[in-house]
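Biologist: I have a structure to go through with you. Can we take it step by step?
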Amino acid sequence: MRKVVGIVLILALALLASGCGVVVIDNGWNFRNYNGDWTNTYQFTTGRLTVAGANGSITIEVWDKDEVRADARWSAKTESYDFQPVVEEKDGVLSLTLPKDRDLSGVSWVIKVPQGMDVVARTSNGRVDIRGDGFGEVTVNTSNGRVNLDGSGSGLLYVNTSNGSIEIRSWAGEVDASTSNGSITAWLGEITGGRYSLTTSNGAIRVYVEEASAFDLSASTSNGRISADLSGNWSREVSGTNHDGLYNGGGARLILRTSNSNIWLSRP
Amino acid sequence: MKLSKIFAALLLVLPLLVGGLAGAAGDTNGDIVKFSGDIVIPADQTVNGSVVAISGNIEVLGTVNGNVVAVMGNVTIDDSAVVRGDAVAVLGNLKLQNEGSVYGNRVAVVGQGFRNIPVHNWSWRLHRPHLRGFHFGAKTFGLVFQVAMTALLIAIAPQHVVRIKSSISSNFVAAGAIGLGTILASSALIFITALTIIGIPLAILLAALLGLVCLVGRYLGGAAIGLLIGQAVFKGHQSQMNAAIVGSLIAGAILMVPFTGLLSALFSLIALGGVIVTRMGTKGEIVNA
């Protein structure tokens, strides 16, 4: 008898809950997202491009045309949403940012730029990919997303992400890369001057440099170890959790910081 | 980072907290943190790190390869400046002469014009005989101090705060129970020790130690709870610094409401438990937000 009463109560509660659900949906609680595409081209050959996204990725590629092409994939809460980014061209800066609109849920960008352009990419909850050779300066700010750089540039590469790894395939200029929870892997080539700072709180740091490089190394980890596989001249043996020393007489400034993992320095 | 390193970092930061920081030309490697005073980054200076002012204004004319954060102060970014990270003003104004100067996010939290409130109004309230104004002033000061400590701790020991936050978020009931158990067990131990005359100095030492642990627990754990609330609010849209500051403000604002004393005690116990479980944030796993 108790079992029957229990089943009846559960069924009644389920019916009540489904009724509430119907009422809620009927009252306009809508969790569905609608997607759309947006494309435009800009006659913009030199200067700085600033791109802002949200809840989506950003991919920026170098191409051989003298114009910028922007493709956006947007998602919104309403079916009839008309996505129009805020576009501004002023003082050598082309800026593509998002309208302040509650109906807009997220935007992913694919941007193609001419060679030599400075790039600023800013997004949240999305990865950032930078591809191609011949960038100027590159600045990336994202949260909860990884950053991949597969290309080259001559200016400063600044990368800041919160929960994601950073991978730098090649870069000719200085590097300032930091993440909170993620590993950093960087192929820096031959470095003899400039500043290269790679910082993470929780993740390994792997740096590949040519053996002919010359740098001042400042590396530290709290719960891990530092090791190097470079056969040049070290001013002191690389080991332990903190290392300050010169490689091949010093030159570039290489700063590597992590807390809970290892630091490796190696040839490519 | 071990606890000793936190204290070492605090000792290094202390001269900056009380003294002035002269802006020097060239490169500055590392964060700049200052309490009660303004920071000016000259046009010919590059800071490779973040700039944080607590109860002070920040004016950037040069380059900052990091975040610029002012708590109870204004942030002014000059036309010629470059800030590659975020620009954040909590209880202050964010003034951008050129929108393009800040490459990261721009955040102004509460208090457009907060700095324009005359200070004597607050002190006048403090000296009034009826306690209502005093309590409000004390609570406001406590809130601002907690937010300032949160910003400082996130700047100098982010992984410790994140570890405590992870511990609390994974099981806040256990954290609260451990916090309560620690208080009860320590109090019992102090009482038993103090029963003997020889044990009285030891009991005083234990009480001082418990007080110190509670103090550290309050601010480290408070920063972790602030980060937890902030990340829940922003859903990862903001950096840890922004999330922790906003979260601390929200928690503080809730606790300013009358009759929330029990909630405050609960927050304190959970914070203390999180700090103890993670050995002041040095042990334990980090769970991504």
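Biologist: How many residues of chain B are in contact with chain A?
Modeller: 26 residues of chain B are in contact with 26 residues of chain A, where contact means heavy atoms within 4.5 Å. This is a predicted model, in which local features need pLDDT of at least 70 and side-chain atom pairs count only at pLDDT 80 or more, while totals for chains, interfaces and linings use all residues. Residues are numbered from 1 along each chain as its sequence is written, chains are lettered from A and ligands numbered from 1 in the order in which they are written, and side-chain values use heavy atoms, with hydrogens and water left out.

Biologist: What area do chain B and chain A bury between them?
Modeller: About 2100 Å², with 35% of it on carbon and sulfur atoms. Buried area is the accessible area (1.4 Å probe) that two parts lose on being put together, summed over both.

Biologist: How many salt bridges does the rule find across that interface?
Modeller: The rule finds 1. It asks for a side-chain nitrogen of Lys or Arg within 4 Å of a carboxyl oxygen of Asp or Glu.

Biologist: Which side chains meet in a salt bridge?
Modeller: Those of B:Arg84 and A:Glu137, at 2.6 Å from N to O.

Biologist: And which helix gives the most to chain B's side?
Modeller: Helix H4 of chain B (residues 158-170), with 3 residues. Helices (H or I, at least four residues) and strands (E, at least two) are DSSP runs, numbered from the N terminus.

Biologist: Changing topic. How many helices and strands does chain A have?
Modeller: Chain A has 1 helix and 22 strands. Of its 268 residues, 50% count as buried; buried means under 20% relative accessible area, exposed over 50%, and partly exposed in between (1.4 Å probe, protein chains only).

Biologist: Which residues have the most contacts inside the largest nonpolar core?
Modeller: A:Phe83, A:Trp109, A:Ile111, A:Phe215 and A:Leu256, in a core of 61 residues. Such a core is a set of buried Ala, Val, Leu, Ile, Met, Phe, Trp, Tyr and Cys residues joined through side-chain atoms within 4.5 Å. Another core lies apart from it, with 43 residues, among them B:Met72 and B:Ile270.

Biologist: What about A:Asp91, is that residue buried or exposed?
Modeller: A:Asp91 counts as exposed, at 69% relative accessibility. A:Asp91 sits in the loop between strand E5 (86-90) and strand E6 (93-97) of chain A. Its phi is positive, near 50 degrees, in a residue other than glycine.
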